[in-house]
Amino acid sequence: MTGEVLLVEDDPLVREALAQTLDLAEYKVHAAGSFVAAKDVIGPGFPGVIVTDIRMPGRDGFHLLDFARAQDGELPVILLTGEGDIPMAVRAMQDGAFDFLEKPCDPKTLLASVERAMRLRALVLENRALKRRLTRGDHAARMIPGKSAVAQNYRDRLRAVAAAGQAVLVTGPDGANTPKVADVVRRLAGREAEIFERRVSSGLSVADLSAAFGAVGAGTLFLDEVAALPADTQFALLERLEAGTEALLIAGTYKDLGLEPGFNADLRLQLDAVRVDIPALKDRVEDIPDLFLYYVADIAERSRVPVPPVPDGYLADLMARDWPGNARALMNEATQFVLGLDGPEAGEGLGLAEHMAQVEKTLLVRALQRNAGAASRAAEELKLPRKTFYDKLARHGLKPEEYR
């Protein structure tokens with residue numbers, strides 16, 4: 001596991017031995033012999049954990065713990081204790097220490113404790129990052145999480161259609177949550193402060209449509225599942241769009257309007273001019289952890305409950321699933337997780353290594369599918385050397401020619 005560890009130990013030999021153990025485990029180690037030498041590393045942005053001896057000349061481990069908690073109350077501190085220090089260490093844990101370990105410290109015990117603390121720290125920092133994205137930056141970056149190329153292109157497309165100043169068609173697979181995307185588009189279009197009206201298209205009369213446009217004024221009218229709009233209302237909508245409207249019209253559908261019998265061809269062409277297609281989760285598997293944590297943070301805040309810790313292997317399990325229900329299914333999973341309604345723990349019966357193997361295979365398959373079985377392009381997309389890529393294919397029994 002990677003991450004940073006601030007190691008504070010006044011004994012040079014012990015400090016060197018502990019630092020070597022952490023370094024071999026691929027942690028970046030900041031070694032210090034005293035509180036004074038360590039304090040400048042400690043802060044709210046420190047991306048790791050602290051391991052400190054209790055008994056040190058001058059400012060001891062208790063002082064360091066108090067200082068760390070004052071800087072960041074969620075920064076994990078692991079205390080190293082001598083034989084006679086255990087009662088003090090227990091008291092320190094009651095005051096907020098993450099763990100305490102007896103000296104001399106077994107390397108496996110040390111690394112297990114650091115790894116647990118590091119997972120907690122990573123989750124805390126990720127939740128903070130999600131909250132920052134909710135309060136600053138552009139709306140696409142805040143409301144559409146994900147680091148994949150698919151996510152980046154999707155956000156760029158949303159910005160482009162919002163800037164067009166025309167009616168927008170939002171399409172996507174089942175469960176893609178077109179209303180949420182409509183909300184993002186109207187915010188990007190600068191109409192956040194205006195009225196946002198959502199109307200179900202099925203059964204919407206010409207009079208209802210006219211009243212809806214009148215109600216929103218310079219705001220946004222979202223027609224949910226526009227494929228179900230009655231024929232006479234379709235014609236009325238086309239006339240209104242051709243004449244020009246003060247409101248921003250966003251139409252959402254999970255269907256291909258070109259294949260819908262009876263849907264007005266001219267209206268379809270009018271809507272299709274500015275269109276955004278929501279990518280399916282199967283096409284952006286690597287974004288599932290970011291999306292899930294985004295939903296968890298949002299649902300926890302709205303439900304006024306603490307963000308629960310994510311168990312080992314949980315995110316890997318989510319990435320390994322197919323998600324035919326897309327965003328809505330993932331949101332349901334996040335809701336059940338936050339409210340404790342999710343039943344058996346995800347991945348029961350599988351260890352972390354098995355979960356990660358599932359995720360790796362999923363990413364390899366998706367890359368081959370996106371590149372029509374072209375192994376060189378798939379390897380380049382995953383930023384893997386060709387030999388490593390082929391080794392992984394062999395390990396999972398995958399053959400590029402089966403995806404051509």
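**Backbone and salt bridges**

Modeller: Lys383 lies in the loop between α16 (375–381) and α17 (386–396); helices (H or I, at least four residues) and strands (E, at least two) are DSSP runs, numbered from the N terminus. This is a predicted model, in which local features need pLDDT of at least 70 and side-chain atom pairs pLDDT 80 or more, while totals for chains, interfaces and linings use all residues. Residues are numbered from 1 along each chain as its sequence is written, and side-chain values use heavy atoms, without hydrogens or water.

Colleague: What is the phi of Lys383?

Modeller: Lys383 has a positive phi, about 55 degrees, although the residue is not a glycine.

Colleague: Is Lys383 buried or exposed?

Modeller: Lys383 counts as exposed because its relative accessibility is 73%. Exposed means over 50% relative accessible area, buried under 20%, and partly exposed in between (1.4 Å probe, protein chains only).

Colleague: And Asn326, where is that residue, and what is its phi?

Modeller: Asn326 belongs to helix α14. Its phi is likewise positive, at about 55 degrees, and Asn326 is not a glycine either.

Colleague: Is Asn326 buried or exposed?

Modeller: With a relative accessibility of 5%, Asn326 counts as buried.

Colleague: Which residues does the cis peptide bond join?

Modeller: The cis peptide bond is between Lys103 and Pro104, with omega at about 0 degrees. Pro104 is placed in the loop between β5 and α5.

Colleague: Changing topic, how many salt bridges are there?

Modeller: Searching the whole structure gives 21 salt bridges, each defined by a side-chain nitrogen of Lys or Arg within 4 Å of a carboxyl oxygen of Asp or Glu.

Colleague: What is the distance between Arg121 and Asp72?

Modeller: The side chains of Arg121 and Asp72 form a salt bridge at 2.9 Å, N to O. This pair links distant parts of the chain, 49 residues apart. Arg121 is in helix α5 (residues 107–135), and Asp72 is in the loop between α3 (61–71) and β4 (77–81).

Colleague: Are Arg121 and Asp72 buried or exposed?

Modeller: Arg121 is buried, because its relative accessible area is 0%. Asp72, with a relative accessible area of 4%, is buried as well.

Colleague: Helix α5 again: which residue of that helix pairs with Asp99?

Modeller: Arg116 is the partner, since Arg116 lies in helix α5 and Asp99 in strand β5 (residues 99–102), so the pair ties together parts that are 17 residues apart in sequence. The N to O distance of this salt bridge is 3.2 Å.

Colleague: What is the accessibility of Asp99 and Arg116?

Modeller: Asp99, at 14% relative accessibility, counts as buried. Arg116 has 40% relative accessibility and so counts as partly exposed.

Colleague: Which residues are linked in a network of salt bridges?

Modeller: Asp183, Arg186, Arg187 and Glu192 are linked in such a network. Among its contacts is the salt bridge between the side chains of Glu192 and Arg187, at 2.6 Å from N to O.

Colleague: And what is the accessibility of Glu192?

Modeller: Glu192 has 38% relative accessibility and therefore counts as partly exposed.
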